[in-house]
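Trainee: Before I read this model on my own, could we go through the words used for it and ask what stands behind each of them?

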Amino acid sequence: MRNLLTYIRIRFSMQTNAFLYYLSKLPVIRLFIPQNVYRYTLPKILVSAFGFILDFVKNSLVSNLATVLFMYWIPGTIMQALGREEAANALLYAFFFITVRCFLPALENSRLFAPVRDDILFLNHFMMDPEIWYRQKFIKILWDNGIMTAPALIYVLRDGYLVFCLVCINLAAIAAGDYLSLMIFQRKSKIPERKKRWNVSVLLMLVLYASCIFLNFPDKIPDPWILAGIGAAALAICVAFCIPIFSFRDYKTVAVAFASGIKPVFVVQKISGREYDEFNLKEEDETVHMTQFQNLKHLDSWNYFDRILKRRMRKAFRNQIIQSIISNTISAVVCGLLFRYQVFGLKNSNILQYSTFMITTVIGMTYGRSFLELCFRNMDAPLLYHHFYDAAMIRISLLRRFRFLMLNGSLLLVIAMADVCIFLMTAGTWLPAYKLLTFGIVFALIFFIFETFHLIAYYLLQPFTMDCTVKSPLFTIVNKTEGLLSYGILFIRGDITNFLIPLAIMSLLAFSGFLAVLHISPSTFKIRT
Amino acid sequence: MHLHIQNLSKSYGKQNVLKDASFSFEQGKIYSILGRNGAGKTTLFNCINGDLKYESGRILYSDGTTERPLTFSDVGMVSTSPVLPEYLTGYEFIHFFIKLHGRVERSAEEWLDLVRIEPKDYFRLIKSYSFGMKNKLQLLCCLIRNPKIILLDEPLSSFDIIVSHDIKELMIAMKSDHIILMSTHILQLAKDVSDDIVLLHQGRLSAMDPEDLSDDKFEASIIAALKEGA
């Protein structure tokens, strides 16, 4: 851990430099930023210190809030709803901590294998020895996910021995989970698909919460010496699993498979190189290419690439839809329950006041940005580079992509409306037909505005270089603004049907923008250098 | 010190890139690996560097008495496309790099001077560096790590004449303590700096006959060898 300070300084120097770089691209402000601004180290050291403290507080807060939520608040609320408040005691919370916070995360996700940005930075750029890097990463995992949950445990349980025991069990679960993943990887050169593990762990979590109906734990906390004994045993198990993790010699293979690049794919998430292959994007057999070519050789270059892209990405497209259905249904059910049981003062009478949450949900379902990045990476970059695009073809591509995004938007609209129905049914209420229709129109307008906006930004600013680096600061600012807007909407209270007229006006603007970009795109749609 | 490649095979689907390739490389020499486009030079380097799994064969390091598989610290590779953190300045990057690798016997300025990165460029972001400058930084990283085996994939293609000359001199000065493998298409470079020329042709490695390396026959003999069986 002697390099810890250097890691922190590198991370925050990069962030400070990136911030200064983007500032230096802004009109007016750039006049105040000297050319040699990057040479000053003191501001970077200060930013590093401040950023480290901020990160520490943020991570601790997230980890502890999640612990309180899953071990205390959810079971407590369920017990209250079931009228079994007397059964909600320290051992029940400890049970949910062990199951939902220790074992399910260990089952769901190998934290050691999960790629993080630092993996690429330090393994690829700084050429760190993978053995050293992964060992340090594992210590950080134990600290962040194990020891850092102690404040939440103390807050909930107020018993030092029980907290010690639970922290040790958590450490043992983390070590066991990563050891298991490492063994599977060693044997099969891959680990089970993350989505499957996630589905299994969510299902188990729901079963565990449902078991609140009959769970009964004694009120009395076991004697301190028993808890200390269990804690010591868990610690010994943790050490036993840590030994093979630390003595593992082939972390280079792990790095190649999991940290070779965090690649954005259609599903809006970052995945490892290994999972990228699981999306069927790896090199295919040449006979497949030959058959495809024979079948599609009558098409022009754009259509050919378009068909191949959609064929190769079909698994990712399907995953995106399934992921939307699963996550939105879970959200709809959970939110419905909150309203049904009037948690946090949410009631069926004020349900429309909180309907703005649905705007953020629908914005989150749009995928124009990821889709267009994918198009650039797999199609537009080579076509632009080799001068296959002329003015007519650029316009045709814009129109076809517009049609594609609108068709997919229609499908997502159906899903969003189904989620509204699930939410209302779970909440035990319903809305008049005209309200539901207005909801549908609002959602449709949101899809229209945002997908059109993504297209406009892509064709107008074309931000990518050949290596898919974003070179347009304006594009980055536009994206960040979109993110802030989606987040800001969460704080607005009111019936979303009131947004109908502003959204209709925005749609007209978006459509006008689309027509304008259709006209000028041949001069703006170029590879950035 | 030797690097032994024994019966190495690697294929992509049905395409066999390396077929039982075998060769022994020894310390104190610079080897140029020559081959046609797609012959498998980068694949060979990736296998040696541990970035690619191969189907069969062994890659071993020998210190004269014992043989063992290569470890991370044994090998350093400079790839054709530099991979660097774009939002650090060149100076910061090298400063942190030497700290992480414990090579603080020279300052960042001294290291940067080695590959002729000018002081005026020290505090520019790497993202604003030219391709050649990025390659210089990557080569410098390899020098700082000081591995026993250095793999240079098309090393001088993006350098200007002065830096190419310096790098050639540097390679010659370094070779006594290292095994240096360099893939290149530039025959003149291969001839100028290499002690041995190894052909990668039809998935196999073979050494050029030293007699064929004389001035008048050099180019013709390499082309003839690479055309053989094509």
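Mentor: Let us start with pairing: two strands pair if DSSP finds at least two bridges between them, and strands (E, at least two residues) and helices (H or I, at least four) are DSSP runs numbered from the N terminus. This is a predicted model, in which local features need pLDDT of at least 70 and side-chain atom pairs count only at pLDDT 80 or more, while totals for chains, interfaces and linings use all residues. Residues are numbered from 1 along each chain as its sequence is written, and chains are lettered from A and ligands numbered from 1 in the order in which they are written.

Trainee: What is the order of the six strands that form an open sheet in chain B?

Mentor: The order is β6-β7-β8-β3-β9-β10, and the pairing is mixed. The twist averages 20 degrees from one strand to the next, where angles run from 0 to 180 degrees between N-to-C directions and axes are lines fitted to C-alpha atoms, for helices over the stretch in contact.

Trainee: Why do β6 and β10 of chain B stand at the edges?

Mentor: β6 (75-78) and β10 (204-207) of chain B each have a single partner strand, so one side of each is left without a neighbour in the sheet.

Trainee: How many bridges join β6(B) to β7(B)?

Mentor: Four bridges join β6(B) to β7 (residues 149-153) of chain B, and these strands run parallel; with at least two bridges required, they therefore count as a pair. B:Val75 stands opposite B:Ile149 in β7(B).

Trainee: What makes β1(B) and β2(B) a pair in the other sheet?

Mentor: Eight bridges join β1 (residues 2-12) to β2 (residues 15-26) of chain B, which run antiparallel, and B:His2 has B:Glu26 in β2(B) as its bridge partner. Their hairpin has two residues between the strands, and B:Gly13 takes a positive phi near 60 degrees there. β1(B) also pairs with β4 (residues 56-62) of chain B in the antiparallel sense, over six bridges, with B:Ser56 of β4(B) as the bridge partner of B:Ser9. The four strands of this open sheet have the order β2-β1-β4-β5 (chain B), with antiparallel pairing.

Trainee: Why is α1(A) called roughly perpendicular to α2(A)?

Mentor: Helix α1 (residues 4-23) and helix α2 (residues 42-82) of chain A pack at about 110 degrees, with their axes 8 Å apart. Angles under 35 degrees count as roughly parallel, over 145 as roughly antiparallel, 65 to 115 as roughly perpendicular and the rest as oblique, which makes α1(A) roughly perpendicular to α2(A). By class, their contact has five nonpolar, five polar and two charged residues; Ala, Val, Leu, Ile, Met, Phe, Trp, Tyr, Cys and Pro count as nonpolar, Asp, Glu, Lys and Arg as charged, and the others, Gly among them, as polar.

Trainee: How many residues of chain B are in contact with chain A?

Mentor: 22 residues of chain B are in contact with 25 residues of chain A, where contact asks that C-beta atoms, placed from the backbone, lie within 7 Å. α2(B) gives the most to the side of chain B that touches chain A, with five residues.

Terms used
Contact = placed C-beta atoms within 7 Å.
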